[in-house]
Each structure stands twice: as C-alpha cells, then as structure tokens.
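Open the model in your viewer and keep the selection tool at hand. The stops below say what to select next and what is there.

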Amino acid sequence: MKTRIDQILAKEKLNRLDIITLLSVKDTQESEKIFKKAYEIKKEYIGNKVYLRGLIEYTNKCEKNCLYCGIRAANKSVDRYVMDEKTVLDGARYAIENDYGSVVIQSGEICNDSYTDKIAELIYKIKQMGGQGLGITLSLGEQKPEVYQKWKDAGANRYLLRIESSNEELYYKIHPQNDKHNYQKRLEALQSLKDLGYQTGTGVMIGLPFQTIEDLANDLIFMKKFDIDMVGMGPYLEHDQTPLSKYDHLLLPQSQRFHLSLLMIAILRIMMKDINIAASTALQAIATNGREHGLMAGANIIMPNVSDLNYKPKYQLYNNKPGITENSDSFIENLKNKLNILGEEIGWGVAGNSRHFQSRQK
Ligand code: 5AD
Ligand code: SF4
C-alpha cells in the first residue's frame, strides 16, 4: 500500500504542506525513501560525481557579532590570525596541483578597503596560477556591490552568502539588532550577487533555538523562489562562548538536528534538481561519515580544508569542529575509499559549476 510519503514523492511539484510532511518524518524506512529519491535525482541530473572545493580560511577576524558564532568579534578568547600571502597561495596551489578544480576563500566579515583590495589581489594571483577553468568561490559576507564587482573582475565566479534563516523574526533572535546585522541588507546583498552574474549560493542553519519545521519549509521555498544556484546548509551546533548558548536547553538532540539536516538536503534536491548542494562540515561534526550521509541524501559538493594545519583549530565556529588535525592528503585518501563503496567518484580537474546556473544563463 502506498503511504502518504510515497504519494508526495510521486508528485511533480511539492507544496508547503508536502514539505512540512516530509520534514516531519521520523520513521527510518520512510526517511530512507526520501533520501533514495533525492539521490536518484542527483544521479540523473549530475551523475555519480562529487566535486571538490579546496577551502582556505583566510582570516578568523570578523567585524560582526552573530549570536551563534564562535569567532564573533566580541569573543576575546579567540586567537586571531590573518594568513600571509604565501600561506594562501600555498593552499591554493595544493588544491590546483591535486586537481580539485575549485577553491573557496572564506573569512569573517571585514569591509575596509585594504582588506577588500588584498582579497582582489589574492583572487587574481590564484586565478593566474590555476587558469581560466579554475572555479573560485568566495564566502566573505556582506559587501557593497562595488566590492563584489571588484572581486568578480579579479576572477571570482561564485559567492556563498547564507541567509541563516529566511524568517526575519528568527533572524533577529540570532543576530544583534543593529545596522551591521540587518535582514533586508542581507537580502539585498544576495540579490546584488545574482545581478552581478555570480553563481549565487545561500543556506541556513538547521535546528536553531526557536526554529520550527514551518520555518525550515519556508527556508526551502525561499531558496526555490530566489532561484539559487548553490546551497550550503547544515545543523546548528553549540558553541560555549556565544550568547546563543544560553538557549542550549531548547535544542533538539544532535541526532535529530542531523536527521533534519539530511531531510533538508534531500527535499531541496527534489525541489531543485540541478543545483550544487554541499555536504557541510557541520554534518561531520555530529556523525562519523556525516558528509557521506549528506551525499547519499542528494548533496554533490565537498569542501576539504586545504589551509595550513596550524590555522584550522583557530577557525572554530562551533564546538568540536572535525578534522582539525587531519591533513589534506589523508582526508582525500579516506574520502576516495568511502566514495568507492558508495559508487560515487570525485570529479577531478573540473570546476563542477552549478548546472542550474548554466541553464539560467541560456
Ligand atoms: N553552528 C553551525 N553553523 C554555524 N555557522 C556559524 N556558527 C555556527 C554554529 N554555531 C555557519 C553560519 C555561517 C557559516 C560561515 O557558518 O551559517 O554563515
Ligand atoms: Fe562573523 Fe560569519 Fe561568524 Fe557572523 S557567522 S560572526 S559574520 S564569521
């Protein structure tokens, strides 16, 4: 007999109630059906390939004070660093020489000219090293359109700016209420990235205090409506030195946040068949093989950290960030073996652009 879940999964288009019903699934057999459907769609539209992005965490300095984040400006116990140019280029070179096809530069949000110029210079040098085919993704927060343009001119082609939550009320519960943390401005920044021709990515945290299943359904609808090209989303994780930690008692157990995150990935894949979806590091923080579970639920991107090992422990957005002692070579060896078992392989040497973006351009 067909269950309610079977009926929803057979539909051409999901409505809000369908999404809520899918997100509410607890039964393992039923959720496996959702993951399986999403994985089949991923295979059909993207193939059995997983694309890599070599992640460089350029600096853990940040001008903002998001209430959930371990490296927020007000956290005085963070040992702040800025990588020198050689360290950044070494990381990029490692990714290029090992055929990753793409790099990501991520940092806290800093808006002064000397910083934004330095980033432009780094992008330019990395692009020169990697050639036209290299994908360069930025994850450097909200900036003025002129800055986004400058970075695009230097050679960046993708940008990841998470909306964190599409519910404006919830947004202000997890951010301070001031000009630096303004929901409308964030939306505008996301829109300007799209207007400037970036492959545009966003994402949310899953299992935040005060967040409901309806909020999460609306997040997915937001992504679909915004016609986003790429998504990076994962479970919200506790960090002791943050203001939001006073609500830790309201959180779902980590195992449920993990399960919800996989459902979010799978449902998004069903809704947006040809976008790039990352299996986030935060998944790995909760479960061994968390990332692989993400892939089996429809994700197709993995972002191995290629930063110098010394910096990894200083970029702690949440407690127990995984992989801070693992070097990149052994990470990839491990990943290859695991993918092999799953029937997936790494898309070596190609940028792995968002198919969705490519068809949007046509
Ligand atoms: N748990 C999970 N994700 C977090 N981020 C920041 N702090 C946390 C946390 N405590 C995510 C945000 C941000 C990205 C860089 O990291 O979504 O956009
Ligand atoms: Fe800064 Fe990003 Fe952390 Fe917010 S989430 S405090 S912008 S690093």
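A polar contact here is a pair of N or O atoms within 3.5 Å; within protein, one must be able to donate a hydrogen and the other to accept it, and residues adjacent in sequence count only if both atoms are side-chain atoms. This is a predicted model, in which local features need pLDDT of at least 70 and side-chain atom pairs count only at pLDDT 80 or more, while totals for chains, interfaces and linings use all residues. Residues are numbered from 1 along each chain as its sequence is written, chains are lettered from A and ligands numbered from 1 in the order in which they are written, and side-chain values use heavy atoms, with hydrogens and water left out.

**Stop one: the ligand**

Select ligand 1 and the residues near it (a heavy atom within 4 Å). Tyr-68, Cys-69, Gln-106, Arg-162, Glu-164, Met-205, Pro-235, Tyr-236, Leu-237, Leu-317 and Tyr-318 surround ligand 1. Now show the polar atoms. A polar backbone atom of Tyr-68 is 3.0 Å from a nitrogen atom of the ligand, and a polar backbone atom of Leu-317 is 3.5 Å from a nitrogen atom of the ligand. On Glu-164, a polar side-chain atom lies 2.5 Å from a ligand oxygen atom. The protein buries 87% of the 400 Å² that ligand 1 exposes when taken alone (Shrake-Rupley method, 1.4 Å probe).

**Stop two: helix α3**

Select residues 28–46, helix α3. Helices (H or I, at least four residues) and strands (E, at least two) are DSSP runs, numbered from the N terminus. At the start of α3, a side-chain oxygen of Asp-27 comes within 3.1 Å of the backbone nitrogen of Gln-29. Buried residues (under 20% relative accessible area, 1.4 Å probe, protein chains only) in α3 include Ile-34, Phe-35 and Ile-41. After α3 comes Gly-47, with a positive phi near 90 degrees.

**Stop three: aromatic pairs**

How many aromatic pairs does a search of the whole structure find? The search gives 11, counting rings of Phe, Tyr and Trp (its six-membered ring) with centres within 6.5 Å; planes under 30 degrees apart are stacked, over 60 edge-to-face and the rest tilted.

Select Tyr-58 and Tyr-115: the ring centres are 6.2 Å apart and the planes at 35 degrees, so this pair is tilted. Tyr-58 belongs to strand β2 and Tyr-115 to helix α5, 57 residues apart. Both are buried.

Next select Tyr-159 and Tyr-198, an edge-to-face pair with 5.7 Å between centres and 80 degrees between planes.

Technical notes: The expected span of a helix is 1.5 Å times one less than its number of residues. Buried means under 20% relative accessible area, exposed over 50%, partly exposed in between (1.4 Å probe, protein chains only).
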